[in-house]
Amino acid sequence: MTTTPLFGELVLAPAIQEFLAAWPETRIEALLSMAPEPLLERDLDLAIRFGPLADSSLIAKGLGKAQLVWCAQAQYLEERGTPQTMDDLHHHDLLAFSSRPGNEQDWSWLRTSTGQRLAPRLSCSLETVTFDACYAGLGIAQLPYIVCQEALESGNLVEVLAQHRPPPGPFHAVYAGRIQGNPTLEAFLETVAAHLRSKPWCP
């Protein structure tokens, strides 16, 4: 199977441990990558994918939704001011995560109301690296809520532009029709779903 490193670390790793202990005859191969891996070409059985899905012959099962939030360290906001509108971001250092750093020019959240492009000071393919830079007070980041939830609750980070949160994005289990109804697949997805319920992907 394949999924993103973040999902692999937070959800897949404990789900795999539980599943392997319960199903001793099962073997799992997990490929963690920010780039969507083609299932059929790579002979993969299952993918957990975030965002809108392209039309294909694959079967998709909704697993949940993930919320992105803007956040920054309190001291950074004291020194630079708290943005009230998206246009205010033009005056701030922005921290981004992307599966393809350097190709953020098409992101709607990096444009002001007048269409001006906002260039991030840091763009990285790992959410945790962007989080660490935000936690260090280096700028304002848009991050998955699950990454910054504890820091927000403790007050170490502050949410900004809450009124401009994008709609929560869906994520799905995607697999080929040849394994639809496979009892091992269904049991594994049930295990993943149980671990998902313990993680706050949305506020």
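Predicted model: local features only at pLDDT ≥ 70, side-chain atom pairs only at ≥ 80, totals over all residues.
Residues are numbered from 1 along each chain as its sequence is written, and side-chain values use heavy atoms, with hydrogens and water left out.

I also wrote down the terms for the sheet: helices (H or I, at least four residues) and strands (E, at least two) are DSSP runs numbered from the N terminus, and two strands pair if DSSP finds at least two bridges between them.

**Strand 8**

Of its 5 residues, 5 are buried, so strand 8 is largely enclosed by the rest of the structure. Strand 5 (residues 68-72) pairs with strand 8 in the antiparallel sense over 4 bridges, and there I found cysteine 71 opposite alanine 141. Strand 6 (residues 94-97) pairs with strand 8 in the parallel sense over 2 bridges, with leucine 94 standing opposite isoleucine 140.

Contact here means heavy atoms within 4.5 Å, and axes are lines fitted to C-alpha atoms, for helices over the stretch in contact, with angles running from 0 to 180 degrees between N-to-C directions. Helix 5 is mostly covered, with 7 of its 10 residues buried, and I listed these as Tyr145, Ile146, Val147, Cys148, Gln149, Ala151 and Leu152. They pack against helix 1, helix 4 (127-135), strand 5, strand 8 and strand 9. After helix 5 comes glycine 155, which has a positive phi near 90 degrees.

**Helix 1 against helix 6**

Two packed helices are described by the angle between their axes and the distance between the axes. For helix 1 (residues 5-22) and helix 6 (residues 183-196), I noted that the axes come within 9 Å and cross at roughly 125 degrees. That makes helix 1 oblique to helix 6, since angles under 35 degrees count as roughly parallel, over 145 as roughly antiparallel, 65 to 115 as roughly perpendicular and the rest as oblique. The contact is made from helix 1 by Phe7, Val11, Leu12, Pro14, Ala15, Ile16, Glu18 and Phe19, and from helix 6 by Thr184, Ala187, Phe188, Thr191, Val192, His195 and Leu196. Sorted by class, this contact has 11 nonpolar, 3 polar and 1 charged residues, where Ala, Val, Leu, Ile, Met, Phe, Trp, Tyr, Cys and Pro count as nonpolar, Asp, Glu, Lys and Arg as charged, and the others, Gly among them, as polar.

**Strand 10**

I then turned to strand 10 (169-175), which is mostly covered, as 5 of its 7 residues are buried. Strand 3 (46-50) and strand 10 pair in the antiparallel sense over 5 bridges, with alanine 47 opposite valine 174. Strand 4 (residues 59-66) also runs antiparallel to strand 10, joined to it by 7 bridges, and the bridge partner of lysine 65 is proline 170.

**Loop residues**

Most residues other than glycine have a negative phi, and most peptide bonds are trans. Aspartate 43 sits in the loop between helix 2 (39-42) and strand 3, and at 60% relative accessibility it counts as exposed. Leucine 161, in the loop between strand 9 and strand 10, likewise has a positive phi, of about 55 degrees, but leucine 161 is buried, with a relative accessible area of 4%.

Last, I looked at serine 33 in the loop between strand 2 (31-32) and helix 2, and found serine 33 buried at a relative accessible area of 16%. Leaving aside neighbours within four places in sequence, serine 33 is in contact with Thr3, Thr4 and Pro5.

Note on methods: Buried < 20%, exposed > 50% of the residue type's maximum accessible area, 1.4 Å probe, protein only.
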